[in-house]
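Here are my notes on the model you sent over.

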Amino acid sequence: MTIKLRKLSYALGAEVLDVDVSRPMSEQQFGEIYRAFLDNNILLFRNQSISREQHIEFSRRFGELDRHEALPRDRHKTHPELLMVTNEPKADGSPSDTKYTGRQWHSDMSFTTAPSLGSLLRCYACPDVGGDTLFANMYLAYESLSDGMKKLIADLHGIHLSGTRKLANDDSGVVRAEEQKRINPPVAQPVVRVHPETGRKALYIGEKVKRFEGMTEEESQPLIDYLVAHATRAEFVYRHPWRKDDILAWDNRCTMHQALGDFDETQLRHMERTTVLGTPSGYVTAA
Ligand code: SIN
């Protein structure tokens, strides 16, 4: 098989055409897909009407899967390899714990000492308009910095916290935030990471970074804001408009993303994500 690709944007992303991810795939066939994943940072597979087991099985081709111990409220009850991202209320009518997942710029599991290699998000339902996801190419973000800025950030570590910026407008959000703090202590990650497979340097920043190690929040925030604003300039970003049965696979080592809340919340947005385990890069530290 020689896969057919269609570029999704100037900065990153490609659609893989004519592939059914639920069908058996040889090592060589998957090798082509993985090469395209490393080259394009995001791969889109459309019209994948597959079962949860098939989603998990295809994801395992990318590596061992996270069972989401760090996010116990958010995983699927019988398939811990699946992380729910849904605004569907719970059976008792209370708001979903994952209603606001991903509403800030982040790279998955950056608040753990071995953050994710990549994620595969499957769309079950999306609103008529809005609810897109933005992705930024963090290689381009790093490479386009001045030499002076590269020198300044070379040895910095950002302290990443778990949790969502926007919490449900009731006690469940507060309880969840407290629980997240207990399970996931703050983790310091290098601001510049070398991708273990491509050898390229990428910026590793986002809105979960509270401050830089050895610096106060007040000192850190202007630089965090600058780096996030720089990395998310339009020319480094792809905006994905979801369709039912899309699967999007992204490389968390060289991208960050943000789910947009610009949609009618009475409409269902239901996604399920597998998260591929990565290699250690951070260490536990004080908040
Ligand atoms: C996530 O951050 O993994 C979820 C992204 C989305 O729902 O679009």
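A polar side-chain atom of Arg-269 lies 2.8 Å from an oxygen atom of the ligand, which makes a polar contact (a pair of N or O atoms within 3.5 Å).

1. Before going on: this is a predicted model, where local features need pLDDT of at least 70, side-chain atom pairs count only at pLDDT 80 or more, and totals for chains, interfaces and linings use all residues. Residues are numbered from 1 along each chain as its sequence is written, and side-chain values use heavy atoms, with hydrogens and water left out.

2. Arg-273 also puts a polar side-chain atom 2.8 Å from a ligand oxygen. For Thr-133, a side-chain N or O atom is 2.5 Å from an oxygen of the ligand. The protein covers 100% of the 260 Å² of accessible area that the ligand has on its own (Shrake-Rupley method, 1.4 Å probe).

3. Who else is around the ligand? The residues surrounding the ligand include Val-85, His-106, Asp-108, Trp-250 and His-257 (a heavy atom within 4 Å).

4. Phe-30 and Tyr-34 both lie in helix H1 (residues 27-40), four residues apart, about one turn of the helix; helices here are DSSP runs of H or I, at least four residues.

Terms used
Polar contact = N/O pair within 3.5 Å; in protein donor to acceptor, adjacent residues only side chain to side chain. Helix = DSSP H or I, 4+ residues; strand = E, 2+ residues; numbered from the N terminus.
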